[in-house]
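Notes follow in the order I looked things up.

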Amino acid sequence: MADYDDKKIGAADLLAVFWRSLLIQASWSFERMQSLGFAYAVEPALRKLYPDRAEYEARLRLHQEYFNTQPYLASFILGAVVRLEQDRASGRNTAADVSGLKAALMSPLGALGDSFFWGALKPLAAVTATALLMTGSSWAPLLFLFLYNVWHLGIRASALFLGYANSGDAVDLLARYRFTKMAKLFKVISLSVLGGMLGMLPAWRQEFRPAMNVGDLFLALSGLAITLVLTGIARKGGSPVKIMLGLAACCLALAYAGVI
Amino acid sequence: MPIFDSPMLLAVLGTAVVCGLIGLDRTAAGQFMLSQPIVAGPLTGWMLGDPTAGIVIGAVLELIWVVDMPVGTFVPANSTISAVCATAIAALGSEGAASLAVIGFSLLLTTGMVPVTMAADTVVRKWNARLAFTAAAVTRESSGRTLAKAHLLGLAVFFLKSFALCLLFLPAGIAAVALFGQMPETFHRAMSFFVKLLPLLGAALIVRRLSMKSVDAFLIIGFILAAVAGAVFHAPALIILVLTVTGGWLGARYGGLRR
């Protein structure tokens with residue numbers, strides 16, 4: 001049996017990496033993206049694994065190579081890299097291709113994370129909380145933070161430990177979280193809640209509700225119709241800024257015409 | 001004309017510091033979504049004594065910018081600076097009781113600021129490349145402490161960007177609100193109506209991003225559920241919301257997510 005110089009990475013070391021991973025984008029740049037942030041996050045583990053100064057600095061330099069992924073799922077790659085570095089430092093796997101693993105995982109996890117967190121979870125939390133805020137629930141911003149961060153922090157922390165435990169087996173990560181299916185589900189629910197928000201237009205706070213002397217149903221239908229027209233305009237390529245400026249101009253014209 | 005006396009200057013400075021700190025959450029630190037308009041707007045409004053302005057501005061800007069995603073090298077509009085500045089301009093320009101027209105005008109002003117904030121974000125991200133090169137050069141003969149210093153300097157750069165933009169926009173915006181007060185009533189009516197249209201624009205932008213169809217079936221299901229529950233059964237908003245979530249979930253489950 002081979003005699004390995006086992007260097008243990010404990011939960012405290014992983015928590016130190018996790019804590020630093022919250023700042024992975026502190027020096028984000030177009031040229032190097034998260035390269036410095038990745039090296040900064042993994043540094044506590046390298047310090048423990050490589051007592052030899054020259055080797056430690058060589059590994060630290062290696063981790064300053066180009067890196068970019070979705071910041072939350074970066075923790076999975078960090079966990080996997082800590083595991084590979086541990087195996088390398090202890091002599092179990094001196095040929096571990098740490099750079100290859102990072103390069104292989106960062107793009108797919110980036111696309112997956114962007115689609116799930118930015119494209120599905122954030123809109124769902126935002127639409128739900130905004131619908132409540134517009135109907136008078138002042139605590140809705142807290143609900144937004146809760147809905148978002150339960151998922152965000154839960155996945156971010158567990159992905160680090162999972163990456164460490166399975167040495168970066170992305171299939172295990174995907175089987176556990178089913179990001180694509182969840183993203184589709186969240187998008188569908190977001191649209192349903194958004195429709196509900198428009199259906200609740202007669203119950204909106206007075207600051208948002210048009211002062212029209214019509215029935216509640218007609219008011220809600222008018223809101224839906226205007227939304228669909230604006231969706232059509234937006235689909236033709238109008239940027240939010242341009243459409244907002246156009247709306248302001250329309251409002252001025254309507255006010256001058258005496259319609260509003 | 002508002003007087004830029006000591007309390008006003010202190011409020012402007014305090015708002016800029018808060019904007020700088022909340023702005024860190026946007027990219028550089030944590031990304032807990034404290035920087036989102038729905039949080040940043042009400043927080044600024046509460047801080048400056050006009051929670052209503054914060055709620056209105058936060059809700060509207062959240063809907064408009066929520067699907068503007070920071071993917072790859074794309075720099076999205078800085079909705080944090082927009083929310084903090086619009087709320088502060090409305091609150092400080094009206095001494096804590098902004099009318100709907102002033103809120104609308106403040107929103108319009110910060111819409112004009114969006115290209116400037118995006119340009120500033122781009123400059124910071126270009127400048128940050130120097131930090132990586134500095135760290136790479138130094139660690140050849142030094143330790144990870146130098147790397148940490150170079151990396152964390154990025155936080156200061158991101159903070160200063162939001163802080164400086166806020167200091168630049170706020171006095172100009174507050175002066176503009178004072179001028180707006182002297183404009184004809186027509187402008188005020190137009191801005192009040194503008195605010196009421198913005199949530200609908202936000203909803204439209206979300207539909208555009210989340211659905212391939214202009215008239216999405218799930219949007220209509222949610223609308224019908226809410227309209228019926230509200231108009232016929234007078235159900236409270238929270239119950240209606242639960243209904244629409246359940247409706248969406250059931251639709252996705254039994255519709256087989258064929259999208």
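This is a predicted model: local features need pLDDT of at least 70, side-chain atom pairs count only at pLDDT 80 or more; totals for chains, interfaces and linings use all residues.

**Helix pairs in chain A**

I began with the residues that join two helices: A41(A), V42(A), A45(A), L46(A) and L49(A) from α2(A) touch L78(A), V81(A), V82(A), E85(A), Q86(A) and A89(A) from α4(A). Sorted by class, this α2(A)–α4(A) contact comes to 9 nonpolar, 1 polar and 1 charged residues.

Helix α2 of chain A covers residues 35-49 and helix α4 of chain A covers residues 74-90; their axes lie 10 Å apart, at an angle of about 15°. An angle under 35 degrees counts as roughly parallel, so α2(A) is roughly parallel to α4(A). I also looked up the handedness: α2(A) and α4(A) cross in a right-handed way.

Then I went to the other partner of α2(A) on my list, α1(A). How far apart are the axes of α1(A) and α2(A), and at what angle do they pack? I get 7 Å and about 160°, with α1(A) running over residues 11-21. Over 145 degrees is the cut-off for roughly antiparallel, so that is the label for α1(A) against α2(A). The crossing of α1(A) and α2(A) is right-handed.

For the residues, α1(A) brings D13(A), A16(A), V17(A), R20(A) and S21(A), while α2(A) brings Y40(A), A41(A), V42(A), P44(A), A45(A) and K48(A). The class count for α1(A) with α2(A) is 7 nonpolar, 1 polar and 3 charged residues. Comparing my two lists, I find A41(A), V42(A) and A45(A) in the contact with α4(A) and again in the contact with α1(A).

**Chain A as a whole**

I zoomed out after that.

The C-alpha trace of chain A spans about 85 × 30 × 30 Å along its principal axes. Even so, I count 50% of the 260 residues of chain A as buried. Of the contacts in chain A with a separation of 6 or more, 71% link residues 24 or more positions apart.

**Chain B and its contact with chain A**

Which chain B elements give two or more residues to the side that touches chain A? First, the totals: 92 residues come from chain B and 91 residues from chain A. The chain B elements are α2 (37-47), α3 (51-65), α5 (100-127), α6 (129-138), α7 (144-181), α8 (185-210), α9 (217-231) and α10 (237-254). α8(B) gives the largest share of that side, 18 residues. By class, the chain B side has 63 nonpolar, 21 polar and 8 charged residues.

Last, I looked at α2(B). Is α2(B) mostly covered or mostly open? It is mostly covered, with 9 of its 11 residues buried. Those are P37(B), I38(B), V39(B), A40(B), G41(B), P42(B), L43(B), T44(B) and G45(B). They pack against helices of both chains: α5 (98-134) and α6 (140-166) of chain A, and α1 (6-24), α3 and α4 (79-93) of chain B. Just after α2(B), I noted G49(B) with a positive phi of about 80°.

Technical notes: Residues are numbered from 1 along each chain as its sequence is written. Chains are lettered from A and ligands numbered from 1 in the order in which they are written. Two residues are in contact if their C-beta atoms, placed from the backbone, lie within 7 Å. Helices (H or I, at least four residues) and strands (E, at least two) are DSSP runs, numbered from the N terminus. Ala, Val, Leu, Ile, Met, Phe, Trp, Tyr, Cys and Pro count as nonpolar, Asp, Glu, Lys and Arg as charged, and the others, Gly among them, as polar. Axes are lines fitted to C-alpha atoms, for helices over the stretch in contact, and angles run from 0 to 180 degrees between N-to-C directions. Angles under 35 degrees count as roughly parallel, over 145 as roughly antiparallel, 65 to 115 as roughly perpendicular and the rest as oblique. A crossing is left-handed if the near helix is turned anticlockwise from the far one by less than a right angle, and right-handed if clockwise. A residue is buried if 20 or more other C-beta atoms lie within 10 Å of its own, exposed if 12 or fewer, and partly exposed in between; C-beta atoms are placed from the backbone.
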